[in-house]
Structures are given as C-alpha cells and as structure tokens.
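Subject: Handover of a structure and notes on its contents

Dear colleague,

Please find below the structure that I am handing over to you. I would be grateful if you would read the notes after it with the structure open.

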Amino acid sequence: MRIKTSSANSPTWRNVYTQVNLPDELIKLEKLAHNLWWVWNYEATDLFYKLDPELWKKTEHNPVVLLQKLSYDRVQEILKDSELMALTKKVVKSFDKYMSEEFDTSKPSVAYFSMEYGFTNVLKIYSGGLGVLAGDYLKEASDSHVDLVGVGFLYRYGYFTQTISPDGQQVANYIPQDFGELPIEQVLNEDGKQMILAVPYPDRSVYANVWVVNVGRIKLYLLDTDIDLNSEFDRSITHQLYGGDWENRLKQEYLLGIGGMHLLNKLDIKKDIYHCNEGHAALINVQRLVDLIEHEGLTFNQALEVVRASGLYTVHTPVPAGHDYFDEGLLGKYLGSYPARLGISWQDFVDMGRTVPGSGEKFCMSTFALNTCLEANGVSKLHGEVSQHMFAPMWPGYFPEEVYVGYVTNGVHMPTWTAKDMKLLYEKNFDKNFYNDQSNHDIWSKIYDVSDEEIWKVRSSLKKRLIDYVKAEVQSGWIKNQKEPSKIMDLAEHINPDALLIGFGRRFATYKRAHLLFTDLARLAKIVNNEKYPIQFLYTGKAHPADGAGQGLIKQIVEISRRPEFLGKIIFLENYDMRLAKRLISGVDVWLNTPTRPLEASGTSGEKAEMNGVLNFSVLDGWWYEGYRENAGWCLTDKRTYENQQYQDELDASKIYSILENKIIPLYYARNSKGYSPEWIQYIKNSIAQIAPEYTTKRMIDDYINRFYKPLTERHNLVMADNFKVAKELAAWKEDTAAKWDHIKVDMIETIGKNSASQPVTSIYFAKGDKVISKVIVDKKDIIGDLGVDLVMVQHDADKQIDKFIEATPFKLVKKEGTKLYFELEQEAKVAGASKIAYRIYPVNKYMAHKQDFAYIHWC
C-alpha cells in the first residue's frame, strides 16, 4: 500500500481580534461607540471622524471598528492633541448628562416588538421604511424619556446588499455581519456567561444568544439563533430578514412573539403596553395568554380581556403582500399544542386568525392581532380610513366608517435625518429648547427671519456634497461593472452641479410606480435636455429578490439611464441604504413620490426631505395627503379619473411633465442677480414653517401616548384590579350574552313625523327639516344587563353599487318594564334625497371599551 504524500482535514477558523488598549483618557469612547446616541449627535460623529479621518471612511463610519483599528502611534498623537482631547471630554460629558436623565413615570411603559429596526447602515437589521420607522421610534422614545424596551432579531446576513450587473439586473448579495464589529453587547447571566434563551418549539428547544443594542436610554434586545446548540434547520431562523420559505417565516414570527415574551419573562421585564409593530409580532399574545392562564389561574376569556386591554397593533400597509397568511397544516405543526394550554379547541384558535370563522381561510397574523389587541391603528389619516375598509369584514353589522381602527401619522426622527448644516442653521436661529419642543409651530416659523442667502448657501452646500458623492459612486460602480473608461468620464462630465436635482428613492414594489416618469420618453428627453433649464433625476431602490416585476422596473430604468439622450440626466444609484438615503434626502432640490393611490400607507422619505428644506412633489397619498400646503410643494390629486390603471398612469405621467414644465422648473430658475430664486426660497421657508413641525417622531410618540398608551393603561389597570375582578365579570357577561343573544325579540318599531301619523317603516317620506320621532320596543328576555339601539342611515351610490354610510344615531333608553326596553329617538330630517334606514341592536356593558369590543348585532 502506497503512503499518501499529503493528508489534511478542513480547518476550523475562529475570529481573533487584536487591538490597542485605549488609555484611561479615551476609555469612555468604548461606551460611547456601543451606544447609538452617536448616530443622531453630530458632535459625536465629528469626534470619531477626527480620531482618524481616513480610517473613519474605511470603516464606513463604524466607531466600534474605528476604535479596534486605531494604531498605537495614532492614539499617542490623539493624547497630545489638546483640541481633540477637549472635544472628547465635551462629547463624553454631553453623553453622560443625557444618560443620567430618568424616564418620565407619567408616561406608560412599553414593550415594542418588530421584525426590523433601522438605526444606521452599520447595523444591518432593517430592509426599508418599516424598520427605519421602528428605529426612529426607539430614538424618540429615548429623547422623550419614555420607558420602552424593544425586541427583535440580530440577523447574520440582514437584508441583501444590492449591485447592478452590466446588463442592468439587480444582484442580491448576502454578506455576513461580524457581530464583534457591531455596536451591540452580549447580555450576560449573573455568572458572567453569555445569556442563552431556550424557546420551546414542537419536539425541541431552539436556542438563541441574547444581545442588546443601547439606543440612548433605550434597550433593544436581539435574538440570534445562529449558534452551535441549534441544528442547521434552526440556525437559519435569524439568517435573513424576509428570506426563506413560508415555514421559515412562521418560525421567525414564532421566535419573535413567543420567544420574545419568554425573553422578557427571563429578564423579569413587565410593561404597561405591548405594541406589535405589524402583524409579524402577533404571537406575543399567545404567550401572554398562556402565562395568565397557567400562572394566574384565569380562563381563556378572562385572560383575553387582560391581554387585549394592554395590546396595540399597528398596521403599516394596505397591500395584501404585507399581511402574512399561513396554511392551517403548517400553523398546526408549530402551534398545535397551544389550544389545549389555552383551554380552547383548535377550531377556536385557528378561527382567531380568520376574517370569517369556520370559513377555511388561511390563518392571518394581522387578523389574529386584531382579535387579541383592543386597539389598532394605521400610520396616516388616509391609511386609517383605508384600514377601516380593509378590516371591516371582521365586524359584520358595522360599516367601515364605524370600525374602531384609529391612526397615528408616522414621523421621522428629526435629529437623525436633518443634515448637520441644517441643524446648525436651526440651532443658530431657533429657540434653545427647539429639540425638546419640535411640534411648536412658533419656533419653526422663525425660519421666515432667516435670510434667503443663508438658506441658499446651506442648500447649495448639501447639494454639492451629494453631487460629489454621486460622481464618486457612479465611477466606482461603472468600474466594478467593467465599463469603458471613456464612458465613465463621459457620464461624470454630464452631471451638472447647477441643474435642478430631483430624487426618487424607495422600495421597488410595483404600486410605488417608479416607472411613471418614463411613460413618455420623448417628452422626458425634451425636459432633461433643455440647456437653458437643466434638470437631473437620481433614482435608487431595491426590489425584493422574489419580486420579479420590481426587479424588471429597476432594469428598465437602468437601461433608459444609459441611453445617450439620458446619460448623466437619469442616474440610478445602487444599494439604497440609510447612508445613501441621508445624502439624497438632504441634497436634492425636490423629492418625487408617485404611488398608486391609496396604497402608500404613510411614506416617510418625503418627511425626511422636509426636515432639510427639500420640497416634495407627490401624489396626495399617505402623509402628503395631510401634509401638502399650497406654495410649499406640489401634488397630484388623490382622485381617480380612470378605473383602468394603465390609463390612470398615463394621465398622472402627463400631469407630472406638465407640473415640471410649467411650475417647478420656471420657479427654480427665476433667479436673481445673486444666483438663486427668491420665490423658490419662499417655498422652502413655507415648507419648513408649515409642514415640518407636524411630521417628527416627537409629535408621533406624543400621539401614541395620548391616543393609545394612556387609555390602554387605564383600561389595563381597571381589568387587573382586585385580582382581575372586572376581567372576570366582563368575560362572564360576554359568555352569558353570547349564549342568549338569539333570544332577543323586537316588539315594535315606529317612525313618525312630530305632527303626522305613523308611517310604515318600509317606506317613509319627510320634508327636509321635519322633526322625526322613532320608537323601538325590545324584549331582551333573559339577557343580563341592557341593550342599545342605533338608527343607521345609508344612501345608495348608483355608480359604485354600494350603500354609502351616512350616520348611526343612538336611541335613548326611556323606560324599562320587566324584560322590555323602550327606546326613543328624536331628530331632524336633514339628508336630502332617497335614503335607507335600519335599526341595529347591540349589547351594552359599562366595562366595554367600545362597540366592537363585543360586536354582537341584531338588526330589527
């Protein structure tokens, strides 16, 4: 037998980190680097930059890696630099002062659950608007002294990094994160070892490392299953955000909800409010129910009263793809053991995720969230109304306008998204308490006292910074794609720093209509090639790897941008992330948004632009439906002209061209001898003074506190008091009423004019202004408690072939005789034309939060 000349098995590589031990004078920078407070404080980022400008750039603005890679010689230079050491002490002092301030105990405490959080490009645990919104919200909670804790995932690969191939195709690259280089910390047990959470899955436990992100004063706990204790099948649960198949998605939502509550229990964290940021987190309520039933001895219905009383569900999209539906078989694989622990049947459990119980529909997380949270909200006024229509089938007998779904319009974290130059302008000219009083219009109105020249100087500086960045990115991108050097130079030369610059950046879902600008290429070419009034468009965005149509839009726009007539006039920037977003929303002149109405739930990129004096040009949808003001931006109407979407797109595109040609471009180029348009600056001032104060996360979190958190906390305290007395009483009453509801009998219905005879209820005639008296007698039989009656009025819409809700007016209970209830209603006939009325009976209990808290209806 011949002996082999070589033999080796595969090496097992382990990460080893070698870094300079920071001296005592700089050691506090470690703590600062591991708290995301630096993200929204420019003095902190200036400090990190000055420690080593070249290294700061190479680390992509990651202070953790910066400190790891500082050389010994550079550290010695820093110690001898008195100016830099003085700045270090100043920043550390500001940070320590900020961290020393305590939470405001008058505000309810909150546990917040989300699949993604966007704080900085350094920490890739976000994909887009939902995550960035969640990140902004945690930052604001810190600034506003709200006692909030967040729960999410630490993704190994995060969302994908995008590159564009030579033929214009999107390429999704999944690059692993090195957790040792991130601004995160391990959560340790009392013995100093890494905390590992065991989450009970069917037939096994899934183990997760626990990490914490310090977001100012706020703690965000992240679960990570990519550890040796798990099988390959389970290690991948936290590999990718929105990746994998439906089973992996369910495993993720199981971990977020049930695992998230196990984590809070392990950490002994209890809060007043449990806030589901989208339906992904709905399963927190399964574990909350189990805990109350198994540890407090409550029945399912009693526990549900307690859980609902402190539950808030925020819906972020009206688009079906944004709501997760699971097959009953797959659901049973992971949650099949829970009904027995809850004391209900499997059918009862799965029906909690169905709009129509017993229908065989797939299990919807959004529906389950609505059934287990007392309150729900959309993320703009218009989206609140859209959500009422979307969820109305859950409460038959009520019209969409009556559905108990509220709204809080999204905002943006102003200190994060306002460029340093604009912050300095605000700090110089606004009240010193500005950051603590961001919703105060009087403070923002001081922008009118700022000179036009000063505003133009800041805007020009931000624009130049963006243009320089674009040139560098375009050149490096084309080099990576092996383009000819001459074409690179040609493209760079075509970028005009003095041209009107319009930006478009968002997820490339088809309803966002990124293609709209390119509907009439001949007309567009004429607009962008006007030498007297040059104009350029910057496009960027990612499409989900499974969204072929969205990827097709990217390819189409990239191909158009490479045509000779559009070279340097239409530019697509790859890998839209938070770093690129900050440059875009502060550096362009106009922010363009063209969604299909009414599918833009809120949209926050335009709000970010708003903070920087960038003007919005958008469809009246989402936040812009509320935010638009004349002479402070431009809009496309919220009204549809055509049911055919292609025709509507063509009309909207024509209007975009027209507004550009006749309003935006002339206004921008109405320049004076100083090189700027005074009228354009007036638009900027109007925009900052009249719009910006309404769209910060400061206003947003105040709305959540006042509209939802405080009322929910009051109710939660009510149902919890005296060993859950009210929860038990309310559950018993609902059970009894549900069992006897069909016993109700209507003895009489009468509607008459005040001085006229009774008329048959099937056809009633009155003159406008007449006094109308309606009477109803109901025999409630053996139902405990009282009932209520509404007179519901609708008008038939012949065009849409629907009954349009007009109003629901409650009757007054005027007398009780045994089991009979006598109701009367006097009102004025004020709706002209043909209407229809009906009489709706509903249960009444002083402890009910609202009618849809127990949505039993009996039509007379």
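The notes below describe selected parts of the structure.

This is a predicted model, in which local features need pLDDT of at least 70 and side-chain atom pairs count only at pLDDT 80 or more, while totals for chains, interfaces and linings use all residues. Residues are numbered from 1 along each chain as its sequence is written, and side-chain values use heavy atoms, with hydrogens and water left out. Helices (H or I, at least four residues) and strands (E, at least two) are DSSP runs, numbered from the N terminus. Two strands pair if DSSP finds at least two bridges between them.

The parallel sheet

Six strands, in the order β17-β16-β15-β18-β19-β20, make up an open sheet with parallel pairing. β17 (570-573) and β20 (634-636) are its edges; each has a single partner strand, so one side of each lacks a neighbour in the sheet. From one strand to the next, the twist averages 20°; angles run from 0 to 180 degrees between N-to-C directions, and axes are lines fitted to C-alpha atoms, for helices over the stretch in contact. Within this sheet, strand β15 (residues 500-505) is joined in parallel to strand β18 (residues 590-593) by two bridges, and G503 lies opposite W591 in β18. Helix α28 (residues 678-690) packs on the sheet and touches β15, β18, β19 (615-619) and β20. The direction of α28 makes about 75° with that of β19. Contact here means heavy atoms within 4.5 Å.

Strand β7 and its partners

Strand β7 (residues 204-215) is mostly covered, with nine of its twelve residues buried. Buried means under 20% relative accessible area, exposed over 50%, and partly exposed in between (1.4 Å probe, protein chains only). Strand β5 (residues 185-186) runs antiparallel to β7 and is joined to it by two bridges, with E185 opposite V212 in β7. Strand β6 (residues 196-201) is also antiparallel to β7, through six bridges, and Y201 stands opposite R204. The hairpin of β6 and β7 has two residues between the strands, and D203 takes a positive phi near 70° there. Seven bridges link β7 to the antiparallel strand β8 (residues 218-224), where V210 faces L223. The hairpin of β7 and β8 also has two residues between its strands, and G216 in the turn has a positive phi of about 65°.

The antiparallel sheet

Four strands form an open sheet in the order β25-β24-β28-β29, with antiparallel pairing. Its edge strands, β25 (802-810) and β29 (858-859), each pair on one side only. Two bridges connect strand β28 (residues 836-844) with β29, and R840 stands opposite W859 in β29.

The surroundings of T409

T409 is located in the loop between β14 (406-407) and α17 (414-417). Its relative accessibility is 3%, so T409 counts as buried. The side chains of T409 and E626 are joined by a polar contact of 2.8 Å. A polar contact is a pair of N or O atoms within 3.5 Å; within protein, one must be able to donate a hydrogen and the other to accept it, and residues adjacent in sequence count only if both atoms are side-chain atoms. Apart from neighbours within four places in sequence, the residues in contact with T409 include V379, K381, W623 and Y695.
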